[in-house]
Amino acid sequence: MAKGKVDALLGIVFGDEGKGKVVDWFTPHYDVVARFAGGPNAGHTIIFNGKKFVLRSIPSGIFDAGKLNIIGNGCVIAPDLFMAEAKELETAGYSLSDRLVISRRAHLILPTHRVLDRAYEAAKGKDAVGTTGKGIGPTYSDKAARIGLRVGDILEGFEEKYARLKKRHLQILSDMGFTDFDLAKDEALWLEGVDYLRRYRLEDTEVVINRALAEGKSVLAEGAQGSLLDIDHGTYPFVSSSNTTAGGVCTGLGVAPNKIGRVFGIFKAYSTRVGSGPFPVELFDATGDRLREIGCEYGAVTGRNRRCGWIDLVALKYAIMINGVTDLVMMKSDVLDTFDTIRVCTAYRKDDMIIDTMPYDTAGWEAVYEDLPGWSTPISNLRRKEDFPQAFCDYIAYIEHNLQTPISIISVSPDREATITLREV
Ligand code: GDP
Ligand code: IMO
Ligand code: MG
């Protein structure tokens with residue numbers, strides 16, 4: 001964590017890699033923690049002192065009293081959900097207003113964006129993306145169409161701007177014949193959230209961050225979602241609607257590329273995906289169910305079953321390239337403790353064609369595996385790499401060799417202290 005630089009922690013698969021835990025663990029080493037993309041579609045779990053928190057819009061650095069947290073311009077924010085999240089933290093004893101700054105350029109998720117999200121999904125039928133239903137796609141669409149509302153809009157002439165955009169959304173819904181919604185209750189809470197948001201520091205966060213960097217402070221950019229859900233580089237159209245990759249750090253915070261320091265790419269020792277879309281390593285058998293059960297692979301936001309499979313080195317290699325990953329962070333290694341054989345996807349096959357690079361569309365490709373022996377012993381209580389079983393060390397070495405990138409951090413349980421560094425970070 002170099003002074004005057006922005007390090008990034010990016011999910012490099014399909015999200016839910018364990019970003020929340022690692023950002024919380026990293027926070028003591030940084031002065032500022034900033035979210036640069038996404039919104040309440042994210043669910044970042046942090047467990048300490050036996051208590052579990054799921055953060056959606058608020059950065060995972062919020063538990064450390066001395067640190068500044070930023071919601072950057074690349075994010076989208078739902079005032080009602082933000083209010084609920086903030087109040088829960090305040091009730092638990094973590095004050096926010098003195099250590100959270102929100103970009104005035106971040107876009108607002110309106111109640112009608114959420115209805116549109118549902119309407120568009122319903123209209124897609126079997127081709128639905130399986131979104132989180134939080135209005136993410138429609139909000140980013142309005143941003144790109146230059147008709148969106150921004151956080152800064154709540155400070156001046158808000159009622160009129162809101163009424164105009166709401167009217168437009170209601171017209172679209174009417175044209176689509178979508179009537180399955182009751183706006184009144186949702187809207188009342190949302191407007192209360194808008195009022196609540198006004199008490200926060202709503203600023204030009206790109207200035208705040210660049211000033212901090214000029215003072216020699218260190219910044220951690222907390223990714224949301226994962227690289228394969230990136231609007232440009234993910235498995236389009238089964239993706240989210242923002243740039244979740246390294247480029248998004250620059251645009252979503254207003255920092256220049258030469259300010260980026262290390263890029264930590266976080267992944268699980270196996271794979272998961274929630275929502276629709278191609279997933280070559282997906283297991284439909286008892287092994288997939290076992291991974292889901294042991295790994296508690298149920299969505300932090302929607303409660304949906306996460307789809308499970310073995311690790312996918314083809315996808316990881318692609319994500320490392322796109323993001324310029326300098327260090328890998330491997331999570332949930334303990335979930336593999338009881339598997340005699342651990343499979344590793346090293347290539348994709350379609351008919352008699354075998355490739356080890358990411359194709360334009362992964363649909364129709366099946367995984368080609370190599371088998372490695374499992375370690376068949378619990379590792380959750382281990383805290384030193386010297387104590388790792390040999391087969392686990394071999395698994396780490398195999399991945400590092402194949403990906404040509406070092407694994408610098410290993411996690412062996414949800415707890416903060418179950419985080420082992422293999423290299424200096
Ligand atoms: P995020 O969205 O990337 O922050 O990840 P989520 O919070 O959605 O999902 C990660 C889940 O894995 C959470 O329930 C964490 O508590 C849990 N977790 C994190 N690290 C580990 C680990 O090393 N082992 C196990 N068993 N669980 C972990
Ligand atoms: P975190 O930050 C896992 C998925 C949804 C859906 C697709 C589009 O916790 O890792 P959206 O609501 O964004 O339009 O949904 O992206 N998705 C996630 N999957 N983790 C996330 O966030 C996700 N955020 C969105 O399931 O397939
Ligand atoms: Mg999550």
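Mentor: Start with Ser240: one of its polar side-chain atoms lies 2.6 Å from an oxygen atom of ligand 2. That is a polar contact, a pair of N or O atoms within 3.5 Å; within protein, one must be able to donate a hydrogen and the other to accept it, and residues adjacent in sequence count only if both atoms are side-chain atoms. Before going on: this is a predicted model, where local features need pLDDT of at least 70, side-chain atom pairs count only at pLDDT 80 or more, and totals for chains, interfaces and linings use all residues. Residues are numbered from 1 along each chain as its sequence is written, chains are lettered from A and ligands numbered from 1 in the order in which they are written, and side-chain values use heavy atoms, with hydrogens and water left out.

Trainee: What surrounds ligand 2?

Mentor: 21 residues, the closest being Asp16, Lys19, His44, Thr132 and Ser240. To count, a residue needs a heavy atom within 4 Å. By class, the shell has eight nonpolar, ten polar and three charged residues. Ala, Val, Leu, Ile, Met, Phe, Trp, Tyr, Cys and Pro count as nonpolar, Asp, Glu, Lys and Arg as charged, and the others, Gly among them, as polar.

Trainee: OK, ligand 1. Which residues come nearest?

Mentor: Gly18, Lys19, Thr45, Asp334 and Ser411, out of 19 around ligand 1. That shell divides into five nonpolar, seven polar and seven charged residues.

Trainee: Which backbone atoms are by the oxygens of ligand 1?

Mentor: A backbone N or O atom of Lys19 lies 2.8 Å from a ligand 1 oxygen, and one of Gly20 lies 2.9 Å from a ligand 1 oxygen. For Glu17, a polar backbone atom is 3.1 Å from an oxygen of ligand 1. Helices (H or I, at least four residues) and strands (E, at least two) are DSSP runs, numbered from the N terminus.

Trainee: Changing topic. How many salt bridges are there?

Mentor: 27 in the whole structure, each a side-chain nitrogen of Lys or Arg within 4 Å of a carboxyl oxygen of Asp or Glu. Among them is Asp327 with Arg262, the closest N and O atoms being 2.7 Å apart. Asp327 is in strand E15 (residues 327-331) and Arg262 in strand E11 (residues 260-268), so the pair ties together parts 65 residues apart in sequence.

Trainee: Where does Pro237 sit?

Mentor: In the loop between strand E10 (219-222) and helix H8 (246-253). The peptide bond from Tyr236 to Pro237 is cis, with omega near 5°.
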